[in-house]
Amino acid sequence: MEKDIEVEELEKNEEDDEPIIGMSFDSDVDLFIYLKEYGKRKGFPVLRRTSRKDSDGIFRNVTFACGRSGETRSKSVKILKPQPNAKTSCNARLRAGLGDDGKWTIRSLNLEHNHVLLTPTKSKYFRCNLSLNTYAKKMLDVNDRAGIRLCKNYQSLVIEASGHENVTFIERDCRNHVQKERRLRLGDGDAAALQNYFMKVQAEDNRNREAYKEFGDVVTFDTTYLTNKYDMPFAPFVGVNHHGHSILFGCGLISHEDIETFTWLFRTWLSCMSNSAPNGIITDQDRAMKVAIQNVFPNTRHRCESMNAFFDGYVNLKTTLKQFVEQYSCALKNKVQKEVEEDVRCLSQQMPRVTSYAMERQVRDVYTISKFQEFQQELIGKMYCEFVNSMGCEYIVREDVKVGEGKKRTFFEVYFEKENGEIRCSCSRFQFRGILCRHAITIMIRNDVEVLPEKYILRRWRKDVWRCHSRVKASYELHSCTDEQKRYEKMCATFAEVANMAAHKIESSNLVFNWIENDGQVNEQVLTVIPTHENNVVTAFQNPEGSCVDMNMYPHGVMDYCNGLMSLHHMVGDNVYPTPTQNSCTLCYYLAVCYWIGMVEGYATCVIFELYVGGMVEGYAACFIFELYAGGMVEGYAACVIFELYAGGMVEGYAACVIL
């Protein structure tokens, strides 16, 4: 089947027009484009071989050749591992020159090749036929910054184009572009880029310092990235915020894992945190780290346990330090965003209670949702607990703990002084998690205490506390967009909305395509898609009093149909719309058509043209706006709202062109 298709393509290509001596082109670029298309059909690559300038520095002669011409000299020192060679010394070529008439004319031609010619479905993959368009480059950059791997990044573009046959690039082109953009964004080498970025954050970012003041009672020193899993000399200091989420307090870039290095890192970090040591620090089992902690944090309680990596999901086995700079920024911005979203959820939503105990309502009203849910689970867990006996202020509580399919009974000691509200449990949950355990709750309720003492309502879990770090702008941006990039982003978003509206109807789609192809100029043929009494409109514009237009159809607004047309001509004048192919009369006529079919109200028309007169928007925008109306892409009511915003000064005139 595949051979039959290739034979059919080859037979079709033989019938295609071929270049001949004497053919002329407006420029050497046009000639090159023609030859590339011809080469794609015939199955050979094309390249610019030579070009020559005259004494005035003007290109006069150019030679294009088959991409397989010449010979390749291997530069590899590995003689026993040669690379494939595409060169066959093919002599097929074309020479052209610039004539006195400004045209480039083919002067000599050789179309004989010494190699196999491919079919168009294969020749499209020659280097000369591959190119990344602007949109593809933009999407590659955005997805790369978001941490999406190249293979998925490339595949998303293929899916969007409905298949490999519809894209003009391959994965290698995408990889080369991404690597080039990374070099431009990050500049220095891996270690230098990471160090420079950290120094910038250290100087500018106060959010981590303020967060440490709020949640720095217990700190985790995460050394996951020092292991062979990632092979990165990077270790962050991480805490827990009021939602139970990880929050960054700082990070270190180190070269060794010895006592001296850890001591330097801890002291440097402590100085950044105003020399305020944490109450507790959690690390993994590392002897050098343990000694350094004793030296720098002598009064800090040290625990060793496994930890969840803060940057998991942002780095992988192939992530370089230079890439990690961007992923570090993405991870921190994501953590900040999640905190903001959770703050909103806690202030706008409320968890239902499952018991009638007052302490449940007490905690629900002041704690964040995630922390209230932890307390609620302990309150529910009370059903598995039973008082055994007591002696003074000491109580024994038995809990039925589920183990696999069975259960076992575990005993806990609870100390409770009702007078001063002091309570402690041997499980130490409150000391480690900041939430009272089910054993303590059991004893409190047994002693008719249904409201928690204030000292067990921790500030760090409250949702009604004003926290300084949440008001401090984070400085995690590795690079900022230029004004040109911002305009590009805005236009892309707006054009996407236009495409979404226009895609529903073939008439609307053609309307937009025509406008683009005509460089934003109004297409007179657009009027053919308007279902209106065209002759009546023209008559009304030329002779309003003698027209057959029903004036009673337009009683609303600040002007009726007839007076509106006359006043528009008076307001606009002949110089407001200077486009060579249009004038104010055409514009008024265009507006009249839209007005006639009820797309806009009279008031909106006045506002629109007052803005034109004031120079707030360009004339061609009007034609485009009303082309959209005529195509049914936007409703008339939207016009009134949009232009009332213009009149109120809420948006600039340039935005009209973009928005509409």
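Predicted model: local features only at pLDDT ≥ 70, side-chain atom pairs only at ≥ 80, totals over all residues.
How many aromatic pairs does the count come to in this structure? The count comes to 16 aromatic pairs.

## Aromatic pairs around helix 9

Phe 221 and Phe 262 form an edge-to-face pair, with 6.1 Å from centre to centre and 90 degrees between the planes. Phe 221 belongs to strand 6 (residues 218-221) and Phe 262 to helix 9 (residues 259-272), so this pair ties together parts that are 41 residues apart in sequence. Phe 221 counts as buried because its relative accessibility is 0%, below the 20% limit for that class. Phe 262, with a relative accessible area of 1%, is buried as well.

Helix 9 also contributes Trp 269, whose partner is Phe 237 in strand 7 (residues 234-240). Phe 237 and Trp 269 are stacked, with 4.3 Å between the centres and 10 degrees between the planes. This pair links distant parts of the chain, 32 residues apart. Phe 237 counts as buried at 0% relative accessibility, and Trp 269 is buried with a relative accessible area of 5%.

## Charges over Phe 32

Elsewhere in the chain, Phe 32 has charged side chains over its ring. Lys 36 lies over the face of Phe 32, at 5.0 Å from the ring centre. Arg 48 likewise lies over the face of Phe 32, at 5.9 Å from the ring centre.

An open sheet is formed by 4 strands in the order 11-12-13-14, and their pairing is antiparallel. Strand 11 (385-391) and strand 14 (422-425) stand at the edges; each has a single partner strand, so one side of each is left without a neighbour in the sheet. On average, neighbouring strands of this sheet are turned by 25 degrees against each other, direction ignored.

Strand 13 (residues 406-417) pairs with strand 14 in the antiparallel sense over 4 bridges. Glu 417 stands opposite Glu 422 in strand 14.

## The helix across the sheet

Helix 15 (residues 438-446) lies across strand 11, strand 12 (394-403), strand 13 and strand 14. The helix runs at about 55 degrees to strand 13.

Notes:
Residues numbered from 1 in each chain as written. Heavy atoms only, no water. Pairing = 2+ DSSP bridges. Helix = DSSP H or I, 4+ residues; strand = E, 2+ residues; numbered from the N terminus. Axes fitted to C-alpha atoms, helices over the stretch in contact; angles between N-to-C directions. Contact = heavy atoms within 4.5 Å. Phe/Tyr/Trp six-rings, centres within 6.5 Å; stacked < 30°, edge-to-face > 60°. Buried < 20%, exposed > 50% of the residue type's maximum accessible area, 1.4 Å probe, protein only. Lys NZ or Arg CZ within 6 Å of the ring centre and 35° of its normal.
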